[in-house]
Amino acid sequence: MKKITAIVLLMAMVFSLAGCGNSVSIGAFSSKYFNGDDYDAAVQEVMTYFKGFEGCTLKKIGYAGDEEVKAEAESRGLAPEQVMVLVSTFTTDGENHENGLEPNNTYEDYKWILTRNSSAELWEHKDHGYD
């Protein structure tokens, strides 16, 4: 039942963005640290945060992988279950916005770091960008 709920939630997110002329591809997910609900919640958190990226269009988002999560968790002194790392691809429009991003550019493998204190808590955006 959880799997069906997760699929319906992901489809709703994609269709809600498609109505605005955007189409976001959400990558496949497999992890020893997280379940589908964890992933869905993290993707939703990034998509919500991304709405503030003026002049940008999110194209793809997905899980960076367990090794990325483990490395990021170690660097932050946290357990892997407390850190989610997503990667995305997005484009910028031709205007020069005050967001520090180059106009008419495609950003690939752009990282999103989210943390939480326990699996019962919501993901919180901590950082984004390139290493």
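These are my notes on the fold of a predicted model and on one residue in it, T89.

**Entry 1: the whole chain.** I began with the secondary structure. I found three helices and five strands. Read from the N terminus, the elements go α-β-α-β-α-β-β-β. I then looked up burial: 37% of the 131 residues count as buried. The protein exposes about 7,700 Å², and carbon and sulfur atoms supply 50% of that area. Residues 24 or more positions apart make up 57% of them.

**Entry 2: the sheet.** I traced the strand order next. The five strands form an open sheet, β1-β2-β3-β4-β5, with mixed pairing. Strands β1 (25-26) and β5 (124-129) are the edges, and each pairs on one side only. I followed β4 (residues 106-115) to β5: the two run antiparallel, joined by five bridges. I113 has D127 in β5 as its bridge partner.

**Entry 3: helices on the sheet.** I looked at α2 (residues 36-50) here. Helix α2 lies across β1, β2 (56-63), β3, β4 and β5, and runs at about 160° to β2. Helix α3 (residues 66-76) packs on the sheet too, touching β2, β3, β4 and β5. The direction of α3 makes about 110° with that of β3.

**Entry 4: T89.** I located T89 in strand β3 (residues 83-92). Is T89 buried or exposed? Its relative accessibility is 12%, so T89 counts as buried; the cut-off is under 20%. I listed its contacts beyond four places in sequence: T57, L58, K59, K60, T106, Y107, E108 and D109. I also checked I61. I61 is 28 residues from T89 along the chain, yet their C-alpha atoms are separated by 6.5 Å.

Notes
Residues numbered from 1 in each chain as written. Predicted model: local features only at pLDDT ≥ 70, side-chain atom pairs only at ≥ 80, totals over all residues. Heavy atoms only, no water. Helix = DSSP H or I, 4+ residues; strand = E, 2+ residues; numbered from the N terminus. Buried < 20%, exposed > 50% of the residue type's maximum accessible area, 1.4 Å probe, protein only. Contact = heavy atoms within 4.5 Å. Areas by Shrake-Rupley, 256 points an atom, 1.4 Å probe, with all protein chains shown as cover. Pairing = 2+ DSSP bridges. Axes fitted to C-alpha atoms, helices over the stretch in contact; angles between N-to-C directions.
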